[in-house]
Amino acid sequence: MFDSIKLKYECPFCNKELEYTLKQLQKGRILKCPHCGKEIQLEESVSGSVQKMENEVKDSLENIPKKVTMK
Ligand SMILES: [Zn+2]
């Protein structure tokens, strides 16, 4: 389900804002910019921050049931 979460990513060539899903932003993936047509190889820093965000989303989702039962 996290694969369908969309993230904004700026094209390093034309600086246009692109939207990709988490699945597309995995390490080592090559994305093609729809605006300038250049291929973007994702760096480790990008996938690292994606991974961090994914963990934060998971944490917040895991906390929801706890909050509900705390009532
Ligand atoms: Zn571009």
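This is a predicted model: local features need pLDDT of at least 70, side-chain atom pairs count only at pLDDT 80 or more; totals for chains, interfaces and linings use all residues.
Student: Why is Leu7 called partly exposed?

Tutor: Leu7 has 16 other C-beta atoms within 10 Å. A residue is buried at 20 or more and exposed at 12 or fewer. The value for Leu7, 16, lies in between, so Leu7 is partly exposed.

Student: Why is Glu17 called exposed?

Tutor: Glu17 has 9 other C-beta atoms within 10 Å.

Student: Where do Leu7 and Glu17 lie?

Tutor: Leu7 is in strand S1, residues 6-10. Glu17 is in strand S2.

Student: How do you know that S1 and S2 pair?

Tutor: Pairing takes at least two bridges between the strands. Five bridges join S1 to S2, residues 17-21, so the two strands pair. They run antiparallel. Lys8, for one, stands opposite Glu19 in S2.

Student: What lies between the strands of this hairpin?

Tutor: There are six residues between S1 and S2. In this hairpin Asn15 takes a positive phi near 60 degrees.

Student: Why is S1 said to lie largely in the open?

Tutor: Of the five residues of S1, the number buried is zero, so S1 lies largely in the open. For the protein as a whole, buried residues make up 3% of the 71 residues.

Student: What does Leu7 touch beyond residues up to four places away in sequence?

Tutor: Leu7 touches Tyr20, Leu22, Leu25 and Val50. The test for a contact is that the C-beta atoms lie within 7 Å. As for C-alpha atoms, those of Leu7 and Thr21 are separated by 5.9 Å, though the two residues are 14 apart along the chain.

Student: Which residues does Glu17 contact, leaving aside neighbours within four places in sequence?

Tutor: Glu17 is in contact with Lys8 and Glu10. Cys33 is 16 residues from Glu17 in sequence, and their C-alpha atoms are 9.7 Å apart.

Student: How many of the protein's contacts between residues at least 6 apart join residues at least 24 apart?

Tutor: The share is 21% of those contacts.

Methods:
Residues are numbered from 1 along each chain as its sequence is written. Helices (H or I, at least four residues) and strands (E, at least two) are DSSP runs, numbered from the N terminus. Two residues are in contact if their C-beta atoms, placed from the backbone, lie within 7 Å.
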